[in-house]
Number of protein chains: 2
Amino acid sequence: MSLFLTTISVDEAVKTARSLGTTVSQEEIALSSACGRILATDIKSDIDIPGFNRSSVDGYAVRSRDTTGASESLPSMFRLIGRVAMGGDGFGNLPSDSCLYVPTGGPVPEGADAVIMIEYTESIGEDILLKRPVAPGENVVLRGEDFKAGEEILRRGTPLSPREIAALAAVGRTAIPVTRKPRVGVISTGNELIPVSEIPVGSQVRDINSWMCGAVLESTGCIPEYFGITKDDRPTLRKILQNALSVCDAVIISGGSSKDDRDLTADLISESGEVLVHGISIAPGKPTIIGRSGQKPVIGLPGHPASAFVVLLVIARPLLQEMTGQGDREMVTKRLTLGENIPSARGREDYVRVRIREGRVYPEFGKSGLVNTLIRSDGLVRVPSGVEGLEEGEFVEVILW
Amino acid sequence: MSLFLTTISVDEAVKTARSLGTTVSQEEIALSSACGRILATDIKSDIDIPGFNRSSVDGYAVRSRDTTGASESLPSMFRLIGRVAMGGDGFGNLPSDSCLYVPTGGPVPEGADAVIMIEYTESIGEDILLKRPVAPGENVVLRGEDFKAGEEILRRGTPLSPREIAALAAVGRTAIPVTRKPRVGVISTGNELIPVSEIPVGSQVRDINSWMCGAVLESTGCIPEYFGITKDDRPTLRKILQNALSVCDAVIISGGSSKDDRDLTADLISESGEVLVHGISIAPGKPTIIGRSGQKPVIGLPGHPASAFVVLLVIARPLLQEMTGQGDREMVTKRLTLGENIPSARGREDYVRVRIREGRVYPEFGKSGLVNTLIRSDGLVRVPSGVEGLEEGEFVEVILW
């Protein structure tokens with residue numbers, strides 16, 4: 001049974017892939033290990049932050065109304081009643097016409113509503129001369145101005161970068177609820193494949209896809225489980241696929257590259273589930289399979305590494321993002337001018353590897369399956385299926401590697 | 001001793017920071033663990049890849065000169081002498097006017113110099129009709145066309161993404177020479193600081209910077225070593241700094257936020273080395289220290305998380321990149337139109353947190369040190385020191401988070 005001739009659009013394929021991605025369970029990990037993980041619950045602030053009115057400069061806390069009229073030529077005099085210690089409890093209520101030295105980050109005492117920067121003052125014994133007035137609230141961060149107690153500060157599904165780690169620390173979270181990393185089985189099929197450690201004889205080829213696929217999985221927040229190389233042999237592949245499905249949340253099978261082998265993968269998926277897509281209007285990557293075995297997603301990649309990589313990026317990545325709980329994340333793109341025409345066939349989406357030179361984009365043409373085009377390029381340009389190519393001088397969005 | 005008033009430009013500061021970054025030693029790790037690491041040596045291909053002339057389509061290998069004149073109306077007839085098996089050894093020399101079925105990725109036999117796609121042929125018993133001619137080399141990837149034996153394919157200093165992992169697998173590398181991850185000590189100073197797990201009382205503040213800093217270190221390929229919170233107390237900080245320096249390749253100290261505390265950090269660095277920079281014309285982040293203790297870099301960050309983060313990105317990151325051996329990597333930026341004026345003071349480089357809405361860039365103004373501006377923004381816009389601000393409608397490069 002081959003559905004291969006019924007190719008569907010990239011959008012449809014991505015939608016189908018996404019629909020298979022149910023988020024795996026969650027776990028709690030230490031704040032120090034949370035960077036790069038995906039938040040599994042919404043996070044609220046436990047307290048007002050800051051918990052006190054805080055000075056944002058080194059200076060003197062005052063009642064702003066006492067400073068009216070102060071100027072360079074006629075400074076106002078204030079009595080210095082002390083210095084605030086960092087982390088201390090404040091100083092009670094500030095009397096009129098008095099001031100208190102407060103360092104950056106220190107607490108502004110009750111009664112005071114502004115801090116004048118030390119640069120606009122002069123010290124005369126026990127007294128401080130103010131050379132300009134301050135407005136109410138000037139140089140003061142109010143209690144709760146950063147985050148209010150109970151305020152939602154981060155949403156589930158957020159990837160945790162150093163900035164979110166900072167916010168989690170601010171609201172006192174030391175154990176962070178994150179989605180469990182999905183385990184994804186990686187299988188390479190093909191009679192021509194040999195392990196990377198061996199030297200190819202005749203038309204043998206090293207198994208590149210297992211490791212490339214594993215690296216993509218790691219970069220997307222998954223744990224690759226390697227099931228090695230199998231021959232294009234039904235009972236062997238069936239056994240390995242079942243084994244992989246029994247311990248993994250999803251499976252990615254790459255190759256073989258002949259039409260027959262692709263049918264083998266599709267047949268095996270059908271035995272325990274359903275082939276939803278077999279053939280996508282995408283170049284490279286047409287012979288891609290999207291299916292499920294039970295409720296677990298199974299993706300069949302083309303055998304050529306360069307094609308497999310494009311499919312991992314464009315089709316598998318959205319699925320993995322659903323599984324890791326981060327939902328729909330845009331790819332990072334850069335808008336640049338095309339330096340050379342890119343021809344393309346109407347009716348399929350082309351993903352052309354491109355190089356960026358002096359701010360212009362040039363296609364890296366190369367025969368099908370060359371690995372060197374991957375490492376010599378800077379990204380991909382998508383040529384939509386409705387057009388017959390892109391012209392020099394056009395703006396294009398480069399999907400950066 | 002305070003050098004604080006002598007601020008230097010951001011460019012100078014980055015140059016100084018970079019100059020302190022000597023690459024740490026290298027180690028060999030498994031291919032499966034190499035994604036995200038930095039290559040420590042140049043890598044050459046051990047063999048020709050492919051190791052044979054490879055078909056890039058499913059079709060029939062032929063001598064191209066035998067196909068001259070073949071057309072839809074007058075097909076040429078070829079004798080099918082067999083089918084190539086994937087991974088097999090080929091078929092000896094192909095006789096004239098004969099053809100051999102070769103699947104995508106299969107070996108093209110000696111004598112043949114082209115493969116005609118199966119779509120342009122018809123099978124009649126033992127014979128195959130060709131309905132068009134093929135050019136020499138058509139649909140054949142020549143031996144060594146991807147990589148030649150001995151060809152340099154990757155350079156030391158390259159960060160290993162899935163694409164480089166693919167290339168390393170192709171050339172048979174299972175043990176990858178990468179730079180050792182630098183260990184960087186993280187110290188937070190400030191009498192006001194308490195551990196994240198505690199609830200602040202009075203003007204106490206949770207230690208955000210240790211964890212934010214650690215997350216930045218991890219994202220940059222370093223290993224953070226946490227030395228906790230210390231009071232702004234000379235003997236205590238001296239002891240912890242010495243301890244950190246004895247086990248780490250570099251140390252980052254954040255806070256305290258008052259001028260006195262900053263002098264304490266600078267004094268302690270001077271005791272065992274040299275303060276090279278104390279004050280940078282950058283906002284936020286002016287009170288930054290760059291120094292060395294012996295030959296080990298020590299960076300003093302401002303205490304406010306939002307300021308510390310900008311300094312980590314703009315000043316510390318280039319240093320860490322040198323230490324990890326990846327040299328000068330550009331930050332990922334996106335060119336977009338400014339939706340609102342950004343005022344700035346001439347003579348200092350401003351890094352303004354911005355939000356991207358419908359393709360336009362809006363500054364996220366917020367008082368100094370607010371953590372919420374970090375998680376509510378999408379990146380930074382740099383306002384160069386020579387200008388007094390940026391105007392609505394201008395193109396700006398957004399440094400994406």
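## The contact between the chains

In this predicted model, the contact between the two chains draws 76 residues from chain B and 76 residues from chain A. On the side of chain B that touches chain A, the elements giving two or more residues are the strands β11 (152-154), β15 (205-206) and β22 (333-338), together with the helices α2 (162-170), α3 (209-219), α6 (305-323) and α7 (372-375) of chain B. The largest share of that side, eight residues, is supplied by α2(B).

## Relation of the two copies

Two copies of a chain are related by a rotation about an axis and a shift along it. Here chain B is superposed on chain A by a rotation of 180° with 0.0 Å of shift along the axis, and the RMSD of that superposition is 0.0 Å. The two copies are therefore related as by a two-fold rotation axis.

The same surface serves both copies, in that 100% of the contact residues of chain B recur in chain A. Among the residues of chain B, the one that comes closest to the rotation axis is B:K334, whose C-alpha lies at 2.9 Å from that axis; the strand β22 (333-338) of chain B is, as noted above, one of the elements that give two or more residues to the side touching chain A.

## Domains of chain A

Chain A is divided into four parts, namely domain 1 (10-24 + 181-324), domain 2 (32-49 + 154-179), domain 3 (54-141) and domain 4 (333-400). Between domain 1 of chain A and domain 2 of chain A, the C-alpha centres lie 33 Å apart, and the contact of these domains takes four residues from domain 1 and four residues from domain 2. On the side of domain 1 of chain A that touches domain 2 of chain A, one residue is nonpolar and three are polar, while no charged residues are found there.

## An open sheet of six strands

In chain A, six strands form an open sheet with mixed pairing, and their order is β7-β4-β6-β5-β9-β8.

Within chain A, strand β5 (residues 76-83) and strand β9 (residues 127-130) pair in the antiparallel sense over four bridges, and A:F78 stands opposite A:I128 in β9(A).

Terms used:
Residues numbered from 1 in each chain as written. Chains lettered and ligands numbered in written order. Predicted model: local features only at pLDDT ≥ 70, side-chain atom pairs only at ≥ 80, totals over all residues. Contact = placed C-beta atoms within 7 Å. Domains from an automatic or database assignment. Nonpolar A, V, L, I, M, F, W, Y, C, P; charged D, E, K, R; others polar. Pairing = 2+ DSSP bridges. Least-squares fit on C-alpha atoms with pLDDT ≥ 70 in both.
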